[in-house]
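Here is a colleague's note for someone opening this structure for the first time. Please keep the viewer at hand and follow the points in order.

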Amino acid sequence: MHLHNFSVNRIIIHQVYKRDDDGNKVNPTQSHEFTRFKQSAMDEFMLRVKDALGEGSKAVQMEIVEQSDKDLPKIIDNIIEQGDENFATSSFDVARKLTDAQQRKSIPGGIVVVFSGTQGSQSKKFFGIIKAEVHSGYEKEVDENTG
């Protein structure tokens, strides 16, 4: 995939958890605020996304079989067109879907990074989801000064 004129304009991070000892799901924690990276951190984030998805990556294409109105493709179709207030709230549906899908106790928790932006010569909209597991070194921290 060629990613040029790539820009991320919204990022929100929700927390997901591994199932409890009895195999019951643990509800995710919703974030209500957008993540506001310093420019250097945003540059690094965009570089990692481009490396993961761009030309020469080893990304694997997947097919989402479930296509009803309550499944992920329809959720994404609705979210990508929303303004910031609704995007922040609706993006939590992604964390809920992931929590439901991770049915084994052995699957670790982590963060779900939901983001959108534009790319390409015509600045087409895109939507991204990353699950970063705790052992990958990712956790959510809020800077007291910048939020």
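The points below go from confidence to the sheet, then to the helices, the cores and a few single residues.

1. Confidence. This is a predicted model. The mean pLDDT of the chain is 85. A value of 70 or more is reached by 87% of the residues. Among the elements, E1 has the highest mean pLDDT, at 94. H1 has the lowest, at 88.

2. Start with the strands. There are 3 of them, in an open sheet with the order E1-E2-E3. The pairing is antiparallel. Strand E1 (7–16) and E3 are the edge strands, and each pairs on one side only. On average, neighbouring strands of this sheet are turned by 15 degrees against each other, direction ignored.

3. Pairing of E1 and E2. These two strands pair in the antiparallel sense, over 9 bridges. One place to look is histidine 14, which stands opposite valine 112 in E2. E1 is mostly covered, with 7 of its 10 residues buried.

4. Pairing of E2 and E3. Strand E2 (residues 110–119) is joined to E3 by 10 bridges, and the two run antiparallel. They form a hairpin, with 4 residues between them. Check the turn: glycine 120 there has a positive phi of about 90 degrees. Glycine 117 stands opposite phenylalanine 126 in E3. Serine 116 stands opposite phenylalanine 127 in E3.

5. Helices on the sheet. Which strands does helix H2 lie across? Helix H2 (residues 72–80) lies across E1 and E3. Its direction is at about 125 degrees to E3. Helix H4 (residues 92–101) lies across E1, E2 and E3. H4 runs at about 45 degrees to E1.

6. The largest nonpolar core. This core has 15 residues. Those with the most contacts inside it are Ile12, Ile79, Phe87, Val94, Val114 and Phe127. E1, H2, helix H3 (84–90), H4 and E2 each give two or more residues to this core. H2 supplies the largest share, 4 residues. A second, separate core has 13 residues, including Met42, Met46, Val49 and Val113. As background, nonpolar side chains tend to be buried together in soluble globular proteins.

7. Phenylalanine 127. This residue is found in strand E3 (residues 124–133). Is phenylalanine 127 buried or exposed? Its relative accessibility is 16%, so phenylalanine 127 counts as buried; the cut-off is under 20%. Leaving aside neighbours within four places in sequence, phenylalanine 127 is in contact with Ile76, Ile79, Ile80, Phe87, Val94, Val114, Phe115 and Ser116. Now compare chain and space. Phenylalanine 127 and valine 8 are 119 residues apart in sequence, yet their C-alpha atoms are 9.3 Å apart.

8. Valine 94. Val94 is among the residues with the most contacts inside the largest core. Not counting residues up to four places away in sequence, valine 94 touches Leu72, Ile79, Val112, Val114, Phe127 and Ile129.

9. Serine 31. Serine 31 has a relative accessibility of 7%, so it counts as buried. What does the side chain of serine 31 reach? It reaches the backbone oxygen of isoleucine 13, at 3.2 Å.

10. Aspartate 100. This residue is found in helix H4. Aspartate 100 is partly exposed, with a relative accessible area of 35%. Not counting residues up to four places away in sequence, aspartate 100 touches Arg19 and Lys25. A polar contact of 2.5 Å joins its side chain to that of lysine 25. Aspartate 100 and valine 26 are 74 residues apart along the chain, and their C-alpha atoms are separated by 9.4 Å.

Terms used. Residues are numbered from 1 along each chain as its sequence is written. This is a predicted model: local features need pLDDT of at least 70, side-chain atom pairs count only at pLDDT 80 or more; totals for chains, interfaces and linings use all residues. Side-chain values use heavy atoms; hydrogens and water are left out. Buried means under 20% relative accessible area, exposed over 50%, partly exposed in between (1.4 Å probe, protein chains only). Contact means heavy atoms within 4.5 Å. Two strands pair if DSSP finds at least two bridges between them. Axes are lines fitted to C-alpha atoms, for helices over the stretch in contact, and angles run from 0 to 180 degrees between N-to-C directions. A polar contact is a pair of N or O atoms within 3.5 Å; within protein, one must be able to donate a hydrogen and the other to accept it, and residues adjacent in sequence count only if both atoms are side-chain atoms. pLDDT is the predictor's confidence in each residue, from 0 to 100. A nonpolar core is a set of buried Ala, Val, Leu, Ile, Met, Phe, Trp, Tyr and Cys residues joined through side-chain atoms within 4.5 Å.
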